[in-house]
Amino acid sequence: MRQVFRPGARRPRLRFDGWIAGLGTTSGTRVVLGHWPRSPFGPFSDVMLERSDGERLLLAPTRRTAEFVGGTYHFDAVRVVPVDVAVVADTWTVTAGSLRLHFTTGRRTPLGRLLHAVPGPLARRPAWAVVTDGVARVLLPGVRTRGSAGGGRREWYGARDLVAIRELSGAFDGENLGALAPVEPPVRFGFGSVPRSPALTRVTTTVEAE
């Protein structure tokens, strides 16, 4: 039976629980890694890249995840490739098609200490993202914790921790990415960017479907 949406009815919400890493490089390429141990699609990771010339690319592990992420954010090209993430202590290794990336995390930031103190059940609620959106706009210019995504969807980011990223190395399409740098200019995949200072955010993302 075809499901009929009635005005005023609550739209279905999908929850993704994991980490988002935002990294800038001296080559000008900015990288956003989403690592989701728990999601409606099962565990998966995806990578969004914006080159120095402004081209936006998505690297996703399956056609299903590529269609969902590509329908939520904005890209100039999408590649369906194996995406593997390995974490050993404070070192992350990412392999996604022609992307090879290694980065090392540092200490929890002062904001991260505050976020870490928020009870998990509260931090995961969209209402909490509404409260923190104003704070994010002041402390982290360009960052938004709620907004309208592509395809008529809405999103809420419930941040639960924030640690600095202190080292990076890697290559994409055979070109060296260079060293770690601020995420500048901000990435343009959706309604907001990641923090300018490279960081790894523990987050619960809620997406309201069409």
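Ala, Val, Leu, Ile, Met, Phe, Trp, Tyr, Cys and Pro count here as nonpolar, Asp, Glu, Lys and Arg as charged, and the others, Gly among them, as polar. These classes describe the pocket linings below. The structure is a predicted model.

**The chain as a whole**

The chain holds 4 helices and 13 strands. Its radius of gyration is 17 Å, close to the 17 Å that the globule rule gives for 210 residues, so the chain is as compact as a globular protein of that length. The C-alpha trace spans about 50 × 40 × 30 Å along its principal axes.

Of the 210 residues, 47% count as buried. The chain exposes about 10,600 Å². Carbon and sulfur atoms supply 54% of that area. Among contacts in the chain with a separation of 6 or more, 59% come from residues 24 or more positions apart.

| Pocket | Volume | Lining by class |
|---|---|---|
| Largest | about 790 Å³ | 30 nonpolar, 10 polar, 3 charged |

Start with the largest pocket, which holds about 790 Å³ of space. It is lined by 43 residues, and those closest to its centre are I20, V143, R144, Y157 and V203. Several elements share in this lining. The strands β1 (13-25), β2 (30-38), β3 (44-50), β10 (154-172) and β13 (199-208) each supply at least two residues. So do the helices α1 (63-72), α2 (110-116) and α4 (126-139). β13 gives the most, with 5 residues.

The second largest pocket has its own list of lining residues. They are T109, L139, L140, P141, L162, A164, P195, R196, S197, P198 and A199.

**A closer look at T29**

T29 sits in the loop between β1 and β2. Is T29 buried or exposed? Its relative accessibility is 10%. Buried means under 20%, so T29 counts as buried.

Which residues touch T29, leaving aside its neighbours within four places in sequence? T29 is in contact with L23, G24, L49, E50, R51, S52 and L177.

Notes. Residues numbered from 1 in each chain as written. Predicted model: local features only at pLDDT ≥ 70, side-chain atom pairs only at ≥ 80, totals over all residues. Heavy atoms only, no water. 1 Å grid on protein atoms, 1.4 Å probe; cavity = no way out; pocket = protein on both sides within 12 Å on 5 of 7 lines; lining within 4 Å. Points joined across faces, edges and corners; volume = space filled by probe spheres on them. Rg over C-alpha atoms; globule rule 2.2 N^0.38 Å. Buried < 20%, exposed > 50% of the residue type's maximum accessible area, 1.4 Å probe, protein only. Contact = heavy atoms within 4.5 Å. Areas by Shrake-Rupley, 256 points an atom, 1.4 Å probe, with all protein chains shown as cover.
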